[in-house]
Amino acid sequence: MVLQELGSQISKALAAVQEATVVDEKVLDACLKEISTALLQADVNIKLVFNMRANVKKRVDSDTGAGLNKRKIIEKAVFDELCAMLNSGAETKDTGKKQDKDLKRGKPNVVMFVGLQGSGKTTTCMKYAHFYKKKGFKPAMVCADTFRAGAFDQLKQNATKANIPFYGSYSETDPAVIAETGVNKFKEGGRDLIIVDTSGRHKQEEALFEEMRQVSVSVQPDLIIFVMDGSIGQAAFDQAKAFKDTVEVGSVIITKMDGHAKGGGALSAVAATKSPIAFLGVGEHMDEFENFEAKAFVGRLLGKGDWTGFMDKIKDVVPEDQMKEEIMDSIQKGNFTMRILKDQLQNILKMGPVGQVMGMIPGFNNAMMPKGSDKQSEVRIKKFMTMMDSMTEKELNTNDIKVLTQPSRILRISRGAGRTPQDYHELLEEFKRLKMLICGGKGGGGMMKNMPKNLQKGMAGMNPHNMQMNMAQMSKMLPPHVLKQMGGPGALQGLMRQMEGMK
């Protein structure tokens, strides 16, 4: 997860407050010192850290009174101050500039990307197009980068892979002409999200800014997005301000947030310029792209989760034909089949890295996902999927475990998938455990049977069967010690109870 080390250190400091017998000035100072040290190590500006510390102390002193829980006051004050540090304030103000939330399907939206060379601008354009394609937009890409050798080839390769139309030129050298021609072409073709990738430079120089202004005049973009390298830390303040003063930057996307210690400094620095942060790039792959919202981000950082983001991810990947009550009724009757398991594992893979998704579940601390476990979980799921691809229709649709344990079937399925019988037995064990967890045994007790009535009817248009199965199966894909730290399978029922209040 993004800034995993920072989140772990802050969570540890807050946990020490919870464990203290008496919460006095000394305990509070020790907590704030540890949090301040963690923020400074993440390259957050010292003035911002000093203000955060002073504000927390002021709030704790003013809110403390008879009957009030001082531990909760400290935790809430730290949470709110971290949110304030990362919130530019521009998201809630009418700045007159169009933002990502203002993009409408069905009419042309021209989005121009700007930034320095090496910030990951072209890759980010692709991720942005892919993100909105899943939302129902019809994206297209225009390469107006004539400065970097191979820029058009990179965009063409990425766009072809994602099945997104593109435009560029090997002969034309004027980026403004290329941009205008490409935008007009895609407007005529009925595309409602036209992304223009512009040139970058190695540093902020007048030639870059002048070219940006020319392209901006030629295509009249509805939104200008500044892409910035998160690894530069608090130096992001000067860079973001320079671009904002030159062109009408509507949103900022910060890249390379996966595993770099200075990411916190970049986030807080950009927010300090009052530029709204729209997305974070958290990896090289297409789906490693997170929508940014300060409260949800801090919630995940501190292990408080983000149910809204979790539900949105599920809705993005679960097809309508899997959201029928007949399927849920089948599960409640104990008819949990390999086909249902396969469909849900496919959904999990579509949701993105397992650690990123699990970080949205309350109580799931950053430290619970060891380095590399995302990849291990994905490999394990794909291994199971390969074996299920080797099954017949009868084997996929049966809920009789005896059929699946016949020696001849075990040998045929494992050989057909290029796996060993031991791998197949591992799949069977996972299948049996999930069936018991979700449907229960002969005496009942499964999660579907114990689920509250209001969740059985659905929540916010989402069939709880899909939501519940995704949660259960993701937890099963995790290493055993991670599930144990979460409180075991029984903890998922507690999470269900937390969701009863969501509407």
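User: Let me start with the term: a polar contact is a pair of N or O atoms within 3.5 Å, where within protein one must be able to donate a hydrogen and the other to accept it. With that in mind, which backbone nitrogen does the side chain of S169 reach at 3.0 Å?

Analyst: That is the backbone nitrogen of E172. Bear in mind that this is a predicted model. The side chain of S169 also has a polar atom 3.2 Å from the backbone nitrogen of S171.

User: Nice. Where is S169 found?

Analyst: S169 sits in the loop that runs between β3 (166-167) and α7 (175-188).

User: And is S169 buried or partly exposed?

Analyst: Partly exposed, because its relative accessibility is 22% and buried would require under 20%.

User: What does S169 touch, skipping residues up to four places away in sequence?

Analyst: F152 and I178. As for D145, which is 24 residues from S169 along the chain, the two C-alpha atoms are 9.7 Å apart.

User: You mentioned F152. What lies over its face?

Analyst: K156 does, at 5.5 Å from the centre of the F152 ring.

User: Switching to another serine, S268. Which helix is it in?

Analyst: S268 belongs to helix α10, which covers residues 263-272. The side chain of S268 reaches the backbone oxygen of G265 at 3.1 Å.

User: Is S268 buried or exposed?

Analyst: Buried, because its relative accessible area is 1% and the cut-off for buried is under 20%. Beyond its neighbours within four places in sequence, S268 is in contact with V44, L48, M85 and L86.

User: How many residues of α10 are buried?

Analyst: Nine of the ten, so α10 is largely enclosed by the rest of the structure. The buried ones are G263, G264, G265, A266, L267, S268, A269, V270 and A271. Just after the helix, K274 takes a positive phi of about 65°.

User: How does α9 pack against α10?

Analyst: Helix α9 (residues 236-246) meets α10 at an angle of about 40°, and their axes are 8 Å apart. The crossing is right-handed. On the α9 side the contact is made by A236, F237 and A240, and on the α10 side by A266, A269, V270 and A272.

User: Okay, aromatics now. How many pairs does the structure hold?

Analyst: It holds 14 aromatic pairs. One of them is F279 with F289, a stacked pair at 4.6 Å centre to centre, with 15° between the planes.

User: Which strands do F279 and F289 lie in?

Analyst: F279 is in β7 (residues 277-281) and F289 in β8 (residues 289-291), so the pair ties together parts that are ten residues apart in sequence. Both count as buried: F279 has a relative accessibility of 1%, and F289 has 7%.

User: What about F292 and F297, how are they arranged?

Analyst: They form a tilted pair, 5.4 Å centre to centre and 50° between the planes. F292 and F297 are both buried.

User: Last one, zooming out: how many helices and strands does the protein chain have?

Analyst: It has 25 helices and ten strands. Of the 503 residues in the chain, 52% are buried. Among contacts with a separation of 6 or more, 76% are between residues 24 or more positions apart.

Key. Residues are numbered from 1 along each chain as its sequence is written. This is a predicted model: local features need pLDDT of at least 70, side-chain atom pairs count only at pLDDT 80 or more; totals for chains, interfaces and linings use all residues. Side-chain values use heavy atoms; hydrogens and water are left out. Helices (H or I, at least four residues) and strands (E, at least two) are DSSP runs, numbered from the N terminus. Buried means under 20% relative accessible area, exposed over 50%, partly exposed in between (1.4 Å probe, protein chains only). Contact means heavy atoms within 4.5 Å. Rings of Phe, Tyr and Trp (its six-membered ring) pair if their centres lie within 6.5 Å; planes under 30 degrees apart count as stacked, over 60 as edge-to-face and the rest as tilted. A charge sits over a ring if NZ of Lys or CZ of Arg is within 6 Å of the ring centre and within 35 degrees of the ring normal. Axes are lines fitted to C-alpha atoms, for helices over the stretch in contact, and angles run from 0 to 180 degrees between N-to-C directions. A crossing is left-handed if the near helix is turned anticlockwise from the far one by less than a right angle, and right-handed if clockwise.
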